[in-house]
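Have the viewer open while you read.

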Amino acid sequence: MTTQYLVEQIKRKKSFLCIGLDVDLSKIPKHLLATEDPIFEFNKAIIDATHDLVVSFKPNTAFYEAYGLQGWQSLQKTIQYLNSYYPEIFTIADAKRGDIGNTSSMYAKAFFEDLNFDSVTVAPYMGRDSVEPFLAFDDKHTILLALTSNEGAFDFQTLTANGAEFYKHVLETSKTWKNAQNLMYVVGATKAEHFTAIRKIIPNHFILVPGLGAQGGDLLAICKNGMNDDIGLLINASRSIIYASDNSNFALLARAEASKIQQEMEAILGAANF
């Protein structure tokens, strides 16, 4: 999917909401456990109930890998369902991969060719040759971890070297890599005060912002400091939406939670003349 197509979907749906499909079998409605594939059935219900309110879905692969082969098959069925029935949706494999070049090439092949995701999250710690294999795919996007929402982000990401925090070095250096136009970045919703400085470094790239909802991110502050001329934001919420209920009406209540955020986003986009 091209960036321009993603922008068009945001403007059409009046939403830049991404829903994280992080499925924990201990939290889903109990009646689904009797089905052949509870994870897929849960995802399918959430997708069908919310697809018109969102522009992106983001399965975190750990929540599938934890269940072995069956979990991976559930992930395959989920992405196939999205690509078959909702091809306008931007799909993110939240896998946080990144290794030496030949290994990264295999990771990229797995997520971009076999599973046919539009994007994958990648850790930048091993540098250019660990990321460029992902960037080599046309109309696919590599979402680089920059400044994350967890407390441990301050262990390394904000350490100062040569006058700038480490995450700023990541942003600056990554812009020099081959096919850097295919980069997006992860910046946590709990780091809203950093968005102004980040936009000075990457004014034109999309930023994936996890941490809205359960982690307490401030949507208005993020948009005020992080929105660019193409909107440039994908705001992710996971638990606050998908686990809004553990009863048979879970999909309906998930839609209600997603709708609240979408309506806020519509108002923000309107105020910004999008």
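How close do the axes of helix H10 (residues 219–226) and H12 come, and at what angle do they cross? They come within 11 Å and cross at roughly 30 degrees. Axes here are lines fitted to C-alpha atoms, for helices over the stretch in contact, with angles running from 0 to 180 degrees between N-to-C directions. Helices (H or I, at least four residues) and strands (E, at least two) are DSSP runs, numbered from the N terminus.

Before going further: this is a predicted model, where local features need pLDDT of at least 70 and side-chain atom pairs count only at pLDDT 80 or more, while totals for chains, interfaces and linings use all residues. Residues are numbered from 1 along each chain as its sequence is written, and side-chain values use heavy atoms, with hydrogens and water left out.

Back to H10: it passes H12 in a right-handed crossing (the near helix is turned clockwise from the far one by less than a right angle). Leu219, Leu220 and Cys223 of H10 touch Glu264, Met265 and Ile268 of H12, with contact meaning heavy atoms within 4.5 Å.

| Pair | Angle | Axis distance |
|---|---|---|
| H2 (residues 38–50) and H4 (residues 68–85) | about 25 degrees | 9 Å |
| H2 and H12 (residues 250–271) | about 45 degrees | 9 Å |

The angle with H4 makes H2 roughly parallel to H4, whereas the one with H12 makes H2 oblique to H12. Angles under 35 degrees count as roughly parallel, over 145 as roughly antiparallel, 65 to 115 as roughly perpendicular and the rest as oblique. H2 passes H4 in a right-handed crossing, and H2 passes H12 in a right-handed crossing too.

On the H12 side, Phe42, Ala45, Ile46, Ala49 and Thr50 of H2 meet Phe250, Ala251, Ala254, Arg255 and Ala258. That contact has 8 nonpolar, 1 polar and 1 charged residues. Ala, Val, Leu, Ile, Met, Phe, Trp, Tyr, Cys and Pro count as nonpolar, Asp, Glu, Lys and Arg as charged, and the others, Gly among them, as polar. Towards H4, H2 uses Ile39, Phe40, Asn43, Lys44, Ile47 and Asp48, which meet Gly71, Ser74, Lys77, Thr78, Tyr81 and Leu82. The contact of H2 with H4 splits into 5 nonpolar, 4 polar and 3 charged.
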